[in-house]
Amino acid sequence: MKKITLSIVAVLAFGFANAQEVKFGVKGGINLSTLTGDVEDASSKVGFQVGGFAEIKLTEKFSIQPELLYSLQGDKEEVKELGFNNESTLNLSYLNIPVMAKYYVAEKFSLEAGPQIGFLLSAKDDTKVTMGGESSSEKINVKDDYKSIDFGVNFGAGYDFTENLSAGLRYNLGLSNIAETVEGESYKVKNSVFSLSVGYKF
């Protein structure tokens with residue numbers, strides 16, 4: 001953790017020291033997330049992300065873009081049996097810090113990749129059970145079941161409509177197991193998130 005933090009700080013320090021231009025901005029968009037690994041009957045859920053960024057331009061074609069994002073992720077699970085239906089929505093709220101390397105393959109079109117560290121803010125399970133025509137719902141705090149830090153890598157592309165307005169498509173591949181060991185049982189669970197966002201540079 002300390003080595004990763006120092007590496008990120010070093011990259012940002014290098015970027016600011018050698019920047020030709022720095023632009024700050026805000027962004028927001030839609031997440032389509034799920035969990036992979038030791039999960040059953042998982043499907044994607046819709047969430048969102050919002051935050052800010054700084055585009056540090058090193059050359060005409062290459063930039064470094066650190067971001068600070070609030071991101072709602074998780075998944076949906078549904079179990080159907082005769083006379084029984086269990087629908088569960090897991091909401092994982094993260095404070096994500098990606099550091100993207102952006103390369104402009106054309107004047108307005110860029111490709112990007114970079115690491116991401118995420119800090120878990122909350123984890124809640126919203127469950128609805130239907131049995132014999134009657135239903136009940138319950139919201140449970142499950143933060144203790146998940147690790148507080150998540151590591152991943154992002155791949156994406158962006159397009160600048162104007163000097164200020166842009167859009168981006170990104171995939172976050174979770175690299176670390178986010179599941180805590182519960183009652184002696186170990187599970188491997190990782191984040192998987194597609195995001196579509198719109199950004200505005202000041």
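Mentor: A nonpolar core is a set of buried residues such as Ala, Val, Leu, Ile and Tyr, joined through side-chain atoms within 4.5 Å. Please keep in mind, as we apply this idea, that the model before us is predicted.

Trainee: Which residues make up the largest nonpolar core here?

Mentor: The largest nonpolar core has 11 residues, and these are L35, L90, L92, Y94, L120, A123, V142, Y146, I178, A179 and V189. Strand 5, spanning 84-104, and strand 6, spanning 109-131, each supply at least two residues of this core, and the largest share, 3 residues, comes from strand 5.

Trainee: If I pick L120, with which residues is it in contact, leaving aside its neighbours within four places in sequence?

Mentor: With those neighbours set aside, L120 is in contact with L92, S93, Y94, K143, Y146, K147 and S148.

Trainee: Turning to pockets, how much space lies in the largest pocket, and which residues are closest to its centre?

Mentor: About 450 Å³ of space lies in the largest pocket, and of the 17 residues that line this pocket, D38, V39, E77, Y146 and V189 are the closest to its centre. By class, the lining has 9 nonpolar, 1 polar and 7 charged residues, and strand 4 (62-81) and strand 5 each supply at least two residues of that lining.

Trainee: What is the lining of the second largest pocket like by class?

Mentor: The lining of the second largest pocket has 3 nonpolar, 1 polar and 11 charged residues. This pocket holds about 380 Å³ of space and is lined by 15 residues, of which K57, Y104, E107, D160 and K201 lie nearest its centre. Strand 1 gives the most to this lining, with 3 residues.

Trainee: How many salt bridges does a search of the whole structure find, and how should I read one of them?

Mentor: The search finds 7 salt bridges. In one of them the side chains of K27 and E67 meet at 3.4 Å, N to O, and because K27 lies in strand 1 and E67 in strand 4, the pair ties together parts that are 40 residues apart in sequence. Both K27 and E67 are buried.

Trainee: With which residue does E67 form a salt bridge whose closest N and O atoms are 2.9 Å apart?

Mentor: That partner is R170, which lies in strand 9, so that this pair links parts of the chain 103 residues apart. Both E67 and R170 are buried.

Trainee: What of K201 and D160?

Mentor: Their side chains meet in a salt bridge at 3.7 Å, N to O, and both K201 and D160 are buried. Elsewhere, salt bridges that share partners join K27, E67, E112 and R170 into one network.

Technical notes: Residues numbered from 1 in each chain as written. Predicted model: local features only at pLDDT ≥ 70, side-chain atom pairs only at ≥ 80, totals over all residues. Heavy atoms only, no water. Buried < 20%, exposed > 50% of the residue type's maximum accessible area, 1.4 Å probe, protein only. Helix = DSSP H or I, 4+ residues; strand = E, 2+ residues; numbered from the N terminus. Contact = heavy atoms within 4.5 Å. 1 Å grid on protein atoms, 1.4 Å probe; cavity = no way out; pocket = protein on both sides within 12 Å on 5 of 7 lines; lining within 4 Å. Points joined across faces, edges and corners; volume = space filled by probe spheres on them. Nonpolar A, V, L, I, M, F, W, Y, C, P; charged D, E, K, R; others polar. Salt bridge = Lys/Arg side-chain N within 4 Å of Asp/Glu carboxyl O.
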